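Let's take a walk through this one together. Have the sequence and the 3D view open as you read.

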Amino acid sequence: MDETVSEFFRRTILKIPLTEMMTILKTWNFLSENQLQTVNFRQRKESLVQDLVLLCEENHASLNDAALLDIIYTQFHRHQKVWDVFQMSKGPGEDTDLFDMEQFKSSFKKILKRALKNVTVSFRDAEENAVWIRIAWGTQYRKPNQYKPAYVVYYSQTPYAFTSSSQLKSNLPLLGQTFETHNSTTPLQERSLELDINMDSRIIHENKTEKERVQRVTQEIFGDYPQPRLEFAQYKLETKFKSDLNGGILAEREEPLRCLVKFSSPHLLEALKSLAPAGIADAPLSPLLTCIPNKGMNYFKIRDK
């Protein structure tokens with residue numbers, strides 16, 4: 001097991017709450033009962049994670065094994081994600097095909113890899129004839145980023161698929177095209193994030209109202225014109241620690257907490273403008289970010305009132 005896979009395991013196991021650790025590991029079913037009994041689950045989490053990674057190495061775990069563990073963790077915490085619902089419908093004269101899950105998995109992976117060389121696809125069957133698909137996107141020149149995957153839950157022989165909001169929105173058309181190719185669908189044009197995207201005519205966004213609200217709020221704040229070019233904004237914070245909890249070292253501290261936050265980009269304002277429509281941030285953005293054009297400043301000092 002190389003260092004990349006080992007680190008993927010370490011970070012995946014580290015995010016599992018201790019109260020759910022045994023349940024998720026047993027669901028994963030990669031480590032034997034005897035191996036799990038050798039682990040001290042009451043030790044410090046860092047040490048526990050290291051012991052589990054060593055057991056994975058003993059079992060010659062692969063990248064796909066780590067991806068399956070990540071899928072199981074996501075299934076346990078699916079309520080923490082934002083999901084888009086896609087509805088597909090048969091074209092005129094098309095009958096419902098007999099569905100072969102194994103054939104679907106094989107063709108789905110082949111279609112994606114044919115379109116994009118650097119991509120990893122993992123599957124896990126679930127209840128109610130559903131399959132969970134984990135997609136780690138790369139580019140033509142970069143390996144897949146295992147820490148920013150997209151998840152798809154597809155219910156066979158139904159018109160529904162659910163996709164988690166991915167930071168790589170540019171890959172959404174490719175995902176739609178993959179379903180299109182597998183299901184022999186007819187494409188249609190959809191307007192999303194100010195780009196014309198060829199997508200399946202049977203795919204319909206269920207959350208149009210929210211998307212329209214985000215677009216409207218963003219336009220009210222930034223306007224529909226190009227933003228002034230700005231490469232960074234800097235915020236200096238000087239404030240006392242505030243908490244609803246009583247006591248604690250920081251709560252008793254008289255001196256204010258001080259830190260410096262800097263946002264940088266080749267075109268910062270355009271980047272900020274695209275955050276909410278891309279699903280990366282809620283709309284509206286914080287006034288600390290949206291006030292930059294109006295105030296004509298990119299240096300801010302934040303103090304207690």
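**Rings and strands**

Start with W132, which counts as buried at 6% relative accessibility (buried means under 20% relative accessible area, exposed over 50%, and partly exposed in between, with a 1.4 Å probe and protein chains only). W83, by contrast, is partly exposed, with a relative accessible area of 22%.

A word on the ground rules: this is a predicted model, where local features need pLDDT of at least 70 and side-chain atom pairs count only at pLDDT 80 or more, while totals for chains, interfaces and linings use all residues. Residues are numbered from 1 along each chain as its sequence is written, and side-chain values use heavy atoms, leaving out hydrogens and water.

Now for the rings. Searching the whole structure turns up 11 aromatic pairs (rings of Phe, Tyr and Trp, the last by its six-membered ring, with centres within 6.5 Å; planes under 30 degrees apart are stacked, over 60 edge-to-face, the rest tilted). W83 and W132 make an edge-to-face pair, 5.7 Å centre to centre with 85° between the planes. W83 lies in strand β1 (residues 83-87) and W132 in strand β3 (residues 130-137), so the pair ties together parts 49 residues apart in sequence. Strands here are DSSP runs of E, at least two residues, numbered from the N terminus. Elsewhere, F104, F108, F123 and Y154 form one aromatic cluster.

On to an open sheet of 3 strands, ordered β9-β8-β10 with mixed pairing (two strands pair if DSSP finds at least two bridges between them). β9 (257-264) and β10 (299-303) stand at the edges with a single partner strand each, so one side of each is left without a neighbour in the sheet. β8 (residues 232-239) pairs with β9 in the antiparallel sense over 8 bridges, and Y235 has V261 in β9 as its bridge partner.

Key:
Helices (H or I, at least four residues) and strands (E, at least two) are DSSP runs, numbered from the N terminus.
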